[in-house]
Amino acid sequence: MSHGSIIGYDINSKICQISFLNEETQEPDTLDTGSENHQIPLAMTYYKEVWTYGKNAKRMGSVRGSVQVTDIWEKALKKERLQIAGEEFEAVWLLAEFIRQTLQSFEKIESITFTVPEMSEDIRYLMKGIGQKLGVMKENIYVQDYKESFCHYMFNQPKELWQYESALFYCDQDVIRAFMLRELKTGYRKGKESFVTVDKVAEAQMEELESVYPVLNVDKAKAADEHFKSFIQSVFDKKVVSSVFLTGDGFENNWYPNSLRVLCNGRRAFMGNNLYSKGACYTAMQRSMDLIDGPVYLDETKMTEQICLKMRSRGEEGWYPLVAWGSHWYESDRQCEVLLEDNQDIEIHIESLVTGKLRVETVSLEGLPERKNYALRLRIRTMFTDERTCHITFEDVGFGEFFPPTGFFTEKVIELGGSNGQFNSLS
């Protein structure tokens with residue numbers, strides 16, 4: 001059965017979960033796996049030269065002669081090779097095969113966002129490579145962490161739920177973490193854009209939860225409830241919180257009635273385990289449909305400067321970003337073609353969210369011929385060599401059969417502030 005082609009894929013060391021765009025509702029749905037939490041165990045079992053995944057792999061693991069692998073995520077990141085039944089398998093191949101099998105009900109994937117607990121260059125490279133093995137174009141594969149997925153999920157909820165700060169509590173067997181979605185105050189006052197981030201604001205180890213989950217112990221549950229209530233009160237101290245979201249297996253048992261009353265006091269509370277995969281699906285939707293409405297998410301890995309050119313698009317003249325803030329420098333290599341109104345020097349604007357200042361650079365077009373309006377066509381490319389250095393090239397590509405390329409080519413190097421320390425100066 002085919003569901004759709006825009007995917008949000010939540011994956012960590014234990015499970016995966018898949019959400020996809022429902023074309024009728026234009027909203028994400030979560031793939032039904034036959035379990036209440038829609039999760040697929042990250043496990044593979046090899047038996048008689050056939051690999052099975054998920055719950056079937058767990059069942060097949062008890063069959064004599066089968067070999068089960070459960071720590072695939074860690075082994076793939078370490079690029080290990082596994083000896084199984086006299087054969088050698090790369091752990092990266094095994095992870096890719098697991099993902100391929102979990103997505104086999106989708107005919108063609110146009111856009112996919114993988115969401116992981118924490119991001120790194122190694123994880124981004126790994127997941128981008130796996131996405132390409134699935135047949136997805138490189139530019140339609142995105143990787144983000146859980147905090148960004150939470151943010152994109154919230155952008156697509158009613159505004160009153162994130163009018164002020166919004167809280168996310170994650171709970172597993174022995175730990176509770178608290179995250180806050182908040183609006184950033186920036187030095188930029190030119191436009192109407194708003195900028196937000198998600199902070200991890202607190203974490204608590206809770207020994208009582210070991211007894212509460214998965215079997216409810218009444219005394220331990222009461223102690224855990226009081227501990228959690230105090231934790232909530234400390235997190236919410238002097239904050240105006242519009243909504244609260246609870247996620248993680250640790251919230252499955254109803255051990256926190258007193259804490260829940262505190263959570264719901266003047267705010268709306270929600271519980272569910274598909275928030276990250278839906279948030280990732282919203283990202284895939286936004287990127288594939290080129291939607292630019294809504295706040296811009298920033299963190300310490302995102303660019304706080306943007307590079308703009310003055311252009312006319314769809315009849316409207318304005319400053320359009322070649323490189324937008326909120327993007328990663330390593331995903332900002334682009335190219336576009338423009339028709340010039342004249343051959344005067346091109347002005348480039350570099351705008352900073354941190355300082356609020358505007359820097360102007362110019363590119364000389366000396367050497368281009370004089371032509372009538374819009375008969376000069378330039379290909380503009382941006383390429384980053386590191387987080388601080390953007391190379392912008394301008395090349396005459398001619399104008400069809402009327403004007404062949406002249407060989408004009410020039411390059412402008414833009415030095416940026418980089419991400420180090422820039423984001424942390426925002427409040």
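In which helix does R124 lie? R124 lies in helix α4.

## Basis of the report

This is a predicted model, in which local features need pLDDT of at least 70 and side-chain atom pairs count only at pLDDT 80 or more, while totals for chains, interfaces and linings use all residues. Residues are numbered from 1 along each chain as its sequence is written, and side-chain values use heavy atoms, with hydrogens and water left out.

Helices (H or I, at least four residues) and strands (E, at least two) are DSSP runs, numbered from the N terminus. R124 has a relative accessibility of 14% and therefore counts as buried; buried means under 20% relative accessible area, exposed over 50%, and partly exposed in between, with a 1.4 Å probe and protein chains only. Leaving aside residues up to four places away in sequence, R124 touches M119, V143, Y330 and E331, where contact means heavy atoms within 4.5 Å.

## The packing of α3 and α4

Helix α3 (residues 91–102) packs against helix α4 (residues 121–133) at an angle of about 55°, and their axes are 10 Å apart. Axes are lines fitted to C-alpha atoms, for helices over the stretch in contact, and angles run from 0 to 180 degrees between N-to-C directions. The two helices, α3 and α4, are therefore oblique to each other; angles under 35 degrees count as roughly parallel, over 145 as roughly antiparallel, 65 to 115 as roughly perpendicular and the rest as oblique.

In this pairing, V92, L95, A96 and I99 of α3 meet L126, M127 and I130 of α4. By class, the contact has seven nonpolar, no polar and no charged residues. Here Ala, Val, Leu, Ile, Met, Phe, Trp, Tyr, Cys and Pro count as nonpolar, Asp, Glu, Lys and Arg as charged, and the others, Gly among them, as polar.

## Aromatic pairs

The whole structure contains 25 aromatic pairs. Rings of Phe, Tyr and Trp (its six-membered ring) pair if their centres lie within 6.5 Å; planes under 30 degrees apart count as stacked, over 60 as edge-to-face and the rest as tilted. The ring centres of Y46 and W51 are 4.8 Å apart with planes at 45°, so this pair is tilted. Y46 is buried at 6% relative accessibility, and W51 is buried with a relative accessible area of 9%.

The rings of Y153 and F245 have centres 5.9 Å apart and planes at 85°, so they form an edge-to-face pair. Because Y153 lies in helix α5 (residues 146–155) and F245 in strand β15 (residues 241–247), the pair ties together parts that are 92 residues apart in sequence. Both Y153 and F245 are buried.
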